[in-house]
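Work through the exercises below with the structure open. Try each task before reading its solution.

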Amino acid sequence: MTRAWLLAAALAALAATAARADDKRAPLDPDKPEVAAAGDKKGPPPAEYTLTVKEGAWRVRVTLRPGQPEPGQKLELLFDVARHPDIPDPQYGDRIPLQGARLFVTMSGAGRPERHRLWPMGDSGVYGTHWTPSERGLWTVSLAPIDPKADAPTLDFQLGAAVPMPASSEGQAVRSTRVVRVGARPSEAGKPTLEALMKQLGARWLELGRGLPEADEKAALAAIMHLVSDLAGSAPRGFASDSAEFDNIARKLKADVELYAAGPAEARAQQLSATETETCLRCHVKFRDGVVSDVSKWPEVTPWRK
Amino acid sequence: MAQVTWRAPLLSLLLLAALPALARDQISAGDRGAGSGLWRVHCHGCHGDGQGPTSVGKALGAPQLRDAARLDARTDEQLVATILKGGPGPGSPAFGGFLSLLDAADLVAFLRAPLLSMADLFPESAAYTYKRYTIGPSQLARAEALAGHLAADERELTVFSVYGGQRPAFGPRLVHPDDHVGLDDLSPKARLGYLVFGPMPAGEGAQGTVALALSPGFTVVKVVGLPGTGDLHKLAAAAVGKGSRNPGERKPFVFKPSPERAHALTRLYARAVEASALAAKEEADRHLFDPPEPTAKVRPSESGE
């Protein structure tokens, strides 16, 4: 009897040990990676990341949008370039923005190097460009004036694409941004404007046909379906008499997206192109661009001579 | 001996193949990849895929945008402004409401990416200007004597006049044809040559585009096919160095593997020479009253007095 009890206790102890061992091994299971679990806790990636790079009296505040660069995903690089003189300037004080400069950036390191010119963004001393990292890894971003003799900073910093930012580029990650619309009428406050709706739809639409992983494509399609459902009844101002036509096109777009989602992968590129020509363009030339007065006999159109 | 015969064309072929890559290493206006997606969504429906506008685009008067002559005649800033504010025609909408400045720059980078830049054809170029010329009756007779009858639309051609000198870091500088002060600064002595673009059969009924670079003496310097035109290296090898300022010495190009391509190049050359001659004459008129170049002073002792 005692032996039976001892055997039962030993078996229970072995089972408990095995369970603990399973618990320890669980994160190493390829189906449940530890990173994904941590990612769930972290929430969405940061909307932007800012860091400051110094060179002599120059201070360059760099903003990356989105905050975590990924290979194959467009990154907005903004450079707020200013000089901080020892003796404050009578007009600008202790911060003199660099105006009218012709600058360029070189991205090199993990993949094919690229050189982009920087465009003045409107705000004094702020320049920017778009860049899509081609590879995962550390990249060196070098800022320099196009004319080597120009009075402008020459500096570089590193950023990580799908890898953590290096310690040398320590900065601040901004998790999310929110725009509060003050004074909006209560009836409009909850419903996005057509412009906002189309902006989101355009951003999501660009994710289709890029060969994204199936899960990402499905997420984009789900978002598109949700946005497209809100389109009918949102004819732009000035087209009240043509709202039925707008709604018809919106319904056709919804049907097209459903067809795209249900269709085989090899037919998707053709379906996407057909939708863009038959539905998107048809709506845009009349309701957005206003260059066509009649799209009822599409693709035959009647130009709208303004 | 056979090896020597083969090496030279192979080397020139490799060099020509490397030319577009050189251009792509230059500073880009933006993100070509992002521009490709924007092109698909916003532009492709009217402007098409490089083979000309679609049927909707034709109805709205949309031009072929991936056109080297059109793009080389505009700066990045001008192209960005056209995208955001709209073109001159009523069918050209302003995209400023839903595309940002950087999006427009991405589109410009995408449009320019596969095309040749001025630096590809004239590596020493520092500045260039352009103008569209209509070939007059006397020039037309000369051109038709070389290339046969020219249709009405073939009597017009855009000529790029290319100049050397101190090259800006950003690549050759475009001097707008309305910038008279800028044009005065372009010295005839610094002129490197002329560049024109024209049609070239690309096989199976398709039409491509060829860039033809001429020296100031109207000999062929380079012949480069734009993407989609097919391999023009052998045709280029047969044509480079040919041509002359003297009309009597000009002869049709001969290329037995593809007579129709040789004929297309001859037609383009005939038009290019006459249009470039007009550009040269206009330039000479512009500099007619320029002060003479200072000559070195001669000391009396050296002159023997």
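**Exercise 1. Find the residue of strand 10 of chain A that stands opposite A:Gly137.**

Step 1. In this predicted model, the residue of strand 10 opposite A:Gly137 is A:Ala161. Strands are DSSP runs of E of at least two residues, and helices are runs of H or I of at least four, both numbered from the N terminus.

Step 2. Look at the two strands. Strand 9 (residues 137–145) of chain A and strand 10 of chain A run antiparallel and are joined by seven bridges. Strands pair if DSSP finds at least two bridges between them.

Step 3. The open sheet has four strands in the order 6-5-9-10 (chain A), and the pairing is antiparallel. Strand 6 and strand 10 (155–161) of chain A are the edge strands, each pairing on one side only. From one strand to the next, the twist averages 25°.

A note on conventions: residues count from 1 along each chain as its sequence is written, and chains are lettered from A and ligands numbered from 1 in the order in which they are written. Because the model is predicted, local features need pLDDT of at least 70 and side-chain atom pairs count only at pLDDT 80 or more, while totals for chains, interfaces and linings use all residues.

**Exercise 2. Describe the open sheet of six strands in chain B.**

Step 1. Read off the order. It is 3-1-2-4-5-6 (chain B), with mixed pairing.

Step 2. Find the edges. Strand 3 (173–174) and strand 6 (220–225) of chain B each have a single partner strand, so one side of each lacks a neighbour in the sheet.

Step 3. Take one pair. Five bridges link strand 5 (residues 207–214) of chain B with strand 6 of chain B in the antiparallel sense. B:Ala211 has B:Val224 of strand 6 of chain B as its bridge partner.

Step 4. Helix 11 of chain B lies across strand 1 (127–134), strand 2 (156–163), strand 4 (191–201), strand 5 and strand 6 of chain B. Its direction is about 145° to strand 4 of chain B.

**Exercise 3. How do helix 8 and helix 11 of chain B pack?**

Step 1. Get the geometry. Helix 8 (residues 137–147) and helix 11 (residues 259–286) of chain B meet at about 160°, with axes 9 Å apart. Axes are lines fitted to C-alpha atoms, for helices over the stretch in contact, and angles run from 0 to 180 degrees between N-to-C directions.

Step 2. Classify the angle. The two helices of chain B, helix 8 and helix 11, are therefore roughly antiparallel (over 145 degrees).

Step 3. List contact residues. Helix 8 of chain B supplies B:Gln139, B:Arg142, B:Ala143, B:Leu146 and B:Ala147. Among those from helix 11 of chain B are B:Arg267, B:Ala270 and B:Glu274. Contact puts C-beta atoms, placed from the backbone, within 7 Å.

**Exercise 4. Compare with helix 2 and helix 6 of chain B: at what angle do they pack?**

Step 1. The angle between helix 2 (residues 32–47) and helix 6 (residues 101–112) of chain B is about 95°, and their axes lie 7 Å apart.

Step 2. That makes helix 2 of chain B roughly perpendicular to helix 6 of chain B (65 to 115 degrees).

Step 3. B:Trp39 of helix 2 and B:Phe110 of helix 6 are among the contact residues.

**Exercise 5. How many residues does each chain give to the contact between chains A and B?**

Chain A gives 30 residues and chain B gives 25 residues.

Terms used:
Contact = placed C-beta atoms within 7 Å. Parallel < 35°, antiparallel > 145°, perpendicular 65-115°, else oblique.
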